[in-house]
Amino acid sequence: MSVWDDLVGQRRTVESLATASSGHGMSHSWLFTGPPGSGRSNAAVAFAAALQCERGPGPEAGCGVCHACHTVLAGSHADVSVVRTEKLSIGVDEVRDLVRRAALAPVGPRWQVLIVEDADRLTDQACNALLKAIEEPTDRTVWMLCAPTVEDVLPTIRSRCRLVTLTTPSTTDVAAFLQRSLGVPEARASHAARASQGHIGRARALARDDDTRDRRRDVVVMPARLTSLGACMKAAAELAEVTKAEADAVTSELDAREKSDLDSAYGVVERGRRPREYGPALSALEKGQKTRAKRRHLDTVDRGLMDLVSVYRDAIALATGAPGPLVNEEIRADVEAVARTSTPELNLQRIDAIFAAREQMLEFNVPVALALEAMMVALQAPAARGQVPA
């Protein structure tokens, strides 16, 4: 057992980080990059655990057994701070709090480690506040930033960081991990590994939860059914509703718990009245919850869009005779129908339409329903438009 066990298909990265945690090639600032689901934040946390490990520095650092390793992985170590956001961006106030913590000496004998997940969501002000702290770190401070690509981080920041690049794990690696860690049957592990397209968190959900598998299937069967304008509108509405319901299921319980905690903090229940300060605090809470719900919905929609992309990629693979199993092997008949009634060029255009809708929602704040409707019409089968594929 070690802190590296959950890093799937990242052997070279593990070797590099293990060497650094032993004292060779150590840096005060790191940038972890990799596609969604590759485990970049998990790699940062595992590295933090190895740096704090009671058996290090040395080849045994990151044992996964000692108290320091356990507390880092559990998120309760006094000298490891992780910034996660449910908002659309990370603001300057959050970063300034982190910078103040970075200036403090660690409680323990090792490092003060500060991990920023989704560093690509830092606002310009937040980046400026972070830059000076990275430029002039204290002797026992380590910064770890996580982002999809190096281009998502300001050049002035990334130039001061040592780069760690993670790759998308192979289907074989993901399936083996699911069997080992969750004990799921081989067939289910293989399906989850293919359907997740290398996204570890998604693979876990698909392997464990029937509802998650059913929701994904409802999405991937859509392309073969887009045979009329009415079918396109219906598919857009269904995708918007399903993703909204899934996002609400995740956030509603947390919203209720936060509201209850706020009421308790201000003594609303005990006193039977609301103090003057309660109104602004409630307003701020509701604003934050609304922002979090929006991001959660967009994240859920985004996952559905990537599932749609996988169908058209499969259709291209079939049409061009590419070797290997399909991502959506369980609906091969539907994929064959899409391939038969289109061309690889048309399916590439459809993939472009999906990414255009993604950009409209994430970058330009276009309403989800509107973006999905326009996208589904662009995905419509050629025969429904009076066209015949060449």
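**Entry 1: burial and the aromatic residues**

I take buried to mean under 20% relative accessible area. The model I am reading is a predicted one. By that cut-off I record F32 as buried, and F47 likewise. I then looked up W30, and W30 is buried as well.

**Entry 2: ring pairs**

I searched the whole structure for aromatic pairs and found three. One of them joins W30 and F47 edge-to-face, with 4.8 Å from centre to centre and 75 degrees between the planes. I note that this pair links distant parts of the chain, since W30 belongs to strand β1 (residues 29-33) and F47 to helix α2 (residues 40-52), 17 residues apart.

I next examined F32 and F47. Taken together, ring pairs link W30, F32 and F47 into a cluster.

**Entry 3: helices α13 and α16**

I turned to helix α13 (residues 278-320) and helix α16 (residues 368-378). Their axes come within 12 Å and cross at roughly 10 degrees. Angles under 35 degrees count as roughly parallel, so I logged α13 as roughly parallel to α16.

Which residues of α13 and α16 meet? From α13 I listed H297, L298, V301, L305 and L308, and from α16 V368, L372, M375 and M376. Sorted by class, this contact has eight nonpolar residues, one polar residue and no charged residues.

Key: Residues are numbered from 1 along each chain as its sequence is written. This is a predicted model: local features need pLDDT of at least 70, side-chain atom pairs count only at pLDDT 80 or more; totals for chains, interfaces and linings use all residues. Side-chain values use heavy atoms; hydrogens and water are left out. Axes are lines fitted to C-alpha atoms, for helices over the stretch in contact, and angles run from 0 to 180 degrees between N-to-C directions. Helices (H or I, at least four residues) and strands (E, at least two) are DSSP runs, numbered from the N terminus. Angles under 35 degrees count as roughly parallel, over 145 as roughly antiparallel, 65 to 115 as roughly perpendicular and the rest as oblique. Contact means heavy atoms within 4.5 Å. Ala, Val, Leu, Ile, Met, Phe, Trp, Tyr, Cys and Pro count as nonpolar, Asp, Glu, Lys and Arg as charged, and the others, Gly among them, as polar. Rings of Phe, Tyr and Trp (its six-membered ring) pair if their centres lie within 6.5 Å; planes under 30 degrees apart count as stacked, over 60 as edge-to-face and the rest as tilted. Buried means under 20% relative accessible area, exposed over 50%, partly exposed in between (1.4 Å probe, protein chains only).
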